[in-house]
Amino acid sequence: MSLPAVSTEPGAYLVARNVTMRKGCVSVLVPIYNEVDHVDELLDRIHASPVDKEIIIIDDGSTDGTREKLVDLPPSADVTVVFHQQNCGKGAAIRTGLNYARGEYVLIQDSDLEYDPQDYPVLLEPLRAGRANVVYGVRHDHPGRGLRFFLGARLLTHLANLLYGCGIHDEATCYKVFRRSMLQQLKLECRRFEFCPEVTAKLSRLGEKIAEVPVKYNPRTADEGKKIRHSDGWLAIWTLIRFRFSRKRDLVASEHSQGAPFPVRFFRGPAE
């Protein structure tokens, strides 16, 4: 497939930081990589969630036909599609997607169907009620997670609580929802799966209380395409340790520090 070469320059077509906010709207950031078998069902589920939302899909260098499906999506007033020029990682995709967000809130949605978009209302409720600026969706102890993933998640949660006293129950959950204005204050450095420990560490260091709500969870295994690896676990541990001893002023974004330095090959904004 020959993609429209909109731009290969880093930071091209990024929305300005003072973009008009859609009050009450949640920007659903969807990092996606080689999920051709799931992309249609995923988008149907997100569209069916009963909240005011926009969907920002960031394809991170897929090679399995996912990009062709995304190019063929009909134009929509609430869907933005961005292609990284090459695979950069989940954290990189989130950083790119955040630059296009217009909603009052930002929600991270993995593309593997492990999480149910019908949980969006319960995730957003503490934010809309003014009780929190960040909400984590806590997964139940599903036996299908596998012992390795279960113990790894437990270890990261205990380490976060030990280092930061944040009192949470599921540090590694995908379902994290933020007030956009707050998330954009953080100086994000992540490229891969260390997005989760990075925001946990930095929010806790800056005094934010993380609210939690239970969510549904349907895990898949590595054989079914789960992409996180042992090396990502070690990086998550190092991330939690590293930011515990960073200077607070180094955790906050400066005026010019937030632009995602990842080349964008294709961009299609919301239809008018």
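In the predicted model, Glu 198 and Lys 202 are both located in helix H7, where four residues, or about one turn of the helix, separate them. Residues three or four places apart in an α-helix point the same way, because such a helix has 3.6 residues a turn. Glu 198 and Lys 202 form a salt bridge, with 2.7 Å between the closest N and O atoms. Glu 198 is buried, at 1% relative accessibility, and Lys 202 is likewise classed as buried, at 0%.

A salt bridge also joins the side chains of Arg 242 and Glu 189, at 3.5 Å from N to O. Arg 242 belongs to helix H8, whereas Glu 189 lies in the loop between helices H6 and H7, so this pair ties together parts that are 53 residues apart in sequence. Arg 242 is partly exposed, with a relative accessible area of 32%, and Glu 189 is partly exposed at 32%. Glu 189, Glu 198, Lys 202 and Arg 242 are linked in a network of salt bridges.

The structure holds 17 salt bridges. One further pair is Asp 170 and Arg 139, whose closest N and O atoms are 2.8 Å apart. Asp 170 lies in the loop between helix H5 and strand S6, and Arg 139 in the loop between strand S5 and H5, so the contact ties together parts 31 residues apart in sequence. Asp 170 is buried, with a relative accessible area of 3%; Arg 139 is buried, at 11%.

Helix H8, which spans residues 230–244, also contains Trp 238. Together with Leu 235, Ile 241 and Phe 245, Trp 238 makes a nonpolar surface patch of about 420 Å². Helix H3, at residues 90–98, is mostly covered, with nine of its nine residues buried.

Terms used
Residues are numbered from 1 along each chain as its sequence is written. This is a predicted model: local features need pLDDT of at least 70, side-chain atom pairs count only at pLDDT 80 or more; totals for chains, interfaces and linings use all residues. Side-chain values use heavy atoms; hydrogens and water are left out. Buried means under 20% relative accessible area, exposed over 50%, partly exposed in between (1.4 Å probe, protein chains only). Helices (H or I, at least four residues) and strands (E, at least two) are DSSP runs, numbered from the N terminus. Patches are made of residues with over 30% relative accessible area and no salt bridge: like charges are joined within 9 Å, nonpolar side chains (Val, Leu, Ile, Met, Phe, Trp, Tyr) within 5 Å. Accessible areas come from the Shrake-Rupley method with a 1.4 Å probe; for residues, only the protein chains shown count as cover. A salt bridge is a side-chain nitrogen of Lys or Arg within 4 Å of a carboxyl oxygen of Asp or Glu.
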